[in-house]
Amino acid sequence: KRSIVTTTHARTLRASEHTDETIAVPSSVFVRSAFYGDSERKQGADVTQKVKALLDGGTALRATNNLFGDPLPGLRKVLFVDVGLAWLSSKQELERGMLLDTISTADEFELSFDIEPTGKRDGWSNILHFTEGENISKEGDRIPGIWFHGKSTRLHVRMDRTGGKNDGCDPGEELPMGTKTNVRLLVQGQEFKVFFGDRQVGCNSNFGAKLPARPNVKVFASDPWHEPAAASVGNVCYFPLGPSAPSPSLPAVPLPMPPATCSSPRWDEDSGSVAARLIEAMNLSGKGLSSREIADCAQILATREACRYRTCTEKNCRYRHGEDDILFDAEKGAPRSCPHSFASAALQPIQSPLLAWWLLGDAFERLEPQAFRVTCSRQIAALEHFSTRQGARIVAKGLPAPDELQSFALKRVQEIWGDVIDRSSCQEYLDRSSEKIVSKITGSEYSAPSLRPVKAWDGPQGTVDIARI
């Protein structure tokens, strides 16, 4: 049996009659329309409501007359199911910087959502924002973006086009307070239209030169650059009417490596020796320092408690001592926020004789040699202490602005189990796993550090590596 499933972008799913093909529709998408008929989709029947009813009842979708009747007797038929991306199946208050997804867009599309205003802000307040990365720096940063005007519930709807950054169409009327309204945006042909329900409330006819489809577009509700609108939003649906941009490939992201042109070390023997010891302490796995371990160590060191003594002279003090205490840039490691960084390539040891100088050389030249050696010793003490920790350290409580990896995890859970996540109760631990061990001192159970393998059950597949908790 072959299942045809969409997971990364909206599209049309197909299954042919007289085969074992089935169509699986993930919960992360919505069915916009469905058709059962000839392969060119010219003759047949609209089966949209039937398909939705079958999905609600848990029936597998197949191209068969038993489900849809026979609109074309004697002809082999095809079932077409048009699906779009969907978020927030139940209404939710907007949160600043809440990333819903990263998607591929289309040059022509339909975007709809339900919104219920609950108040007014003094300035611009954001509702939804599709962007390649910034607020308004370039074409592609508002594709589209939707705000409330200050002290109003009137929509400010922006949509970039070729040669027209921040163009758009603002309806003249306000949305009713405390009442749900379905808002729909349509980019098609020469026009960009706005609808409240089935009623058109705005149109811009300057969209003949539309922006081409874009990959890696972030979807915020609301964005990190504005106050969130005082409103609840739900049933956000995006459906491309033109071809979507190709989905990005899934190999691991390019990992930072010492360049071949990296200069030779210029430190003295003692500084070089303590730098080598720090590299050894950063090798938490014991298999050779990897790109991901660099990023993990940067997180460990950055989240230490500050030293209580303003003029601490202890060279092995494991606490943080101001800005000069960070000797290497976290960006020289695999980004911890990207799912691809947890692939096997990010765990491969970095094979370079210039690794220590590439990582720590800038700090050595910024600090005096004595200060550099003391700081190295303190970081060694901190990392060695971390390796022996048996407690937990919360680094993100409530996930106020989920990064890409957290958003990926939230989305996957929702795809499988639906709306079961209480965001306010979510938290990320820097060093806690799900394994239970018994304290040698008190005899009580607790969770072990997360940077070692966790044994969940017996057998060769019972031990797993933990990346982030």
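# A chat about a predicted model

Me: Which way do strand 8 and strand 16 run, and how many bridges join them?

Reply: Strand 8 and strand 16 run antiparallel, and 4 bridges join them. Within this pairing, D101 has V219 of strand 16 as its bridge partner.

Me: And how many bridges are there between strand 14 and strand 15?

Reply: Strand 14 (residues 191-196) and strand 15 (residues 199-204) are joined by 5 bridges and also run antiparallel. F192 stands opposite N204 in strand 15. The two strands form a hairpin with 2 residues between them, and there G197 takes a positive phi near 65 degrees.

Me: What sits over the ring of F195?

Reply: The charged end of R184 sits over that ring, 4.1 Å from the centre of the ring of F195.

Me: New topic: how many salt bridges are there in the whole structure?

Reply: A search of the whole structure gives 21 salt bridges. As background, side chains of opposite charge can pair when their charged atoms come close.

Me: Which residue does E110 pair with?

Reply: E110 forms a salt bridge with R32, and their closest N and O atoms are 3.4 Å apart. E110 belongs to strand 9 (residues 109-117) and R32 to strand 4 (residues 29-37), so the pair ties together parts that are 78 residues apart in sequence.

Me: Is E110 buried or exposed?

Reply: E110 counts as buried because its relative accessibility is 14%, which falls under the 20% cut-off. R32, with a relative accessible area of 32%, is partly exposed.

Me: What about E108 and K210: how far apart are N and O?

Reply: The side chains of E108 and K210 meet in a salt bridge, with 3.5 Å from N to O. This pair links distant parts of the chain, 102 residues apart: E108 is in the loop between strand 8 and strand 9, and K210 is in the loop between strand 15 and strand 16. Both E108 and K210 are buried.

Me: And which residue forms a salt bridge with D268?

Reply: D268 forms a salt bridge with R373, and the closest N and O atoms are 3.3 Å apart. D268 lies in the loop between strand 18 and helix 3, while R373 lies in helix 6 (residues 369-387), so the pair ties together parts that are 105 residues apart in sequence. D268 is partly exposed, with a relative accessible area of 31%.

Me: Which residues are linked with E17 in a network?

Reply: D70 and K77 are linked with E17 in a network of salt bridges.

Me: Now the rings. How many aromatic pairs does the count come to?

Reply: The count comes to 12 aromatic pairs. In one of them, the ring centres of W267 and W357 are 5.0 Å apart and the planes stand at 85 degrees, so the pair is edge-to-face. The two residues are 90 residues apart, with W267 in the loop between strand 18 and helix 3 and W357 in helix 5 (residues 355-366).

Me: Are those two buried or exposed?

Reply: W267 counts as buried at 17% relative accessibility, and W357 counts as buried at 5%. Elsewhere, ring pairs link W87, F109, F130 and Y238 into a cluster.

Me: Switching to the backbone: what is the peptide bond from I143 to P144?

Reply: The peptide bond from I143 to P144 is cis, with omega near 0 degrees, and P144 lies in the loop between strand 10 and strand 11. A cis peptide bond also joins A221 and S222, with omega about 5 degrees. S222 is in the loop between strand 16 and strand 17.

Me: What is the phi of L88?

Reply: L88 is not a glycine, yet its phi is positive, at about 55 degrees. L88 lies in the loop between strand 6 and strand 7 and is buried, with a relative accessible area of 15%. N235, not a glycine either, has a positive phi of about 50 degrees, and N235 is found in strand 18.

Me: Last one: which residues make the nonpolar surface patch?

Reply: I416, W417 and V420 make a nonpolar surface patch of about 370 Å². V420 is placed in the loop between helix 7 and strand 20, and V420 is exposed, with a relative accessible area of 53%.

Conventions:
Residues numbered from 1 in each chain as written. Predicted model: local features only at pLDDT ≥ 70, side-chain atom pairs only at ≥ 80, totals over all residues. Heavy atoms only, no water. Patch = residues over 30% accessible without salt bridge, like charges linked within 9 Å, V, L, I, M, F, W, Y side chains within 5 Å. Areas by Shrake-Rupley, 256 points an atom, 1.4 Å probe, with all protein chains shown as cover. Salt bridge = Lys/Arg side-chain N within 4 Å of Asp/Glu carboxyl O. Buried < 20%, exposed > 50% of the residue type's maximum accessible area, 1.4 Å probe, protein only. Phe/Tyr/Trp six-rings, centres within 6.5 Å; stacked < 30°, edge-to-face > 60°. Lys NZ or Arg CZ within 6 Å of the ring centre and 35° of its normal. Pairing = 2+ DSSP bridges.
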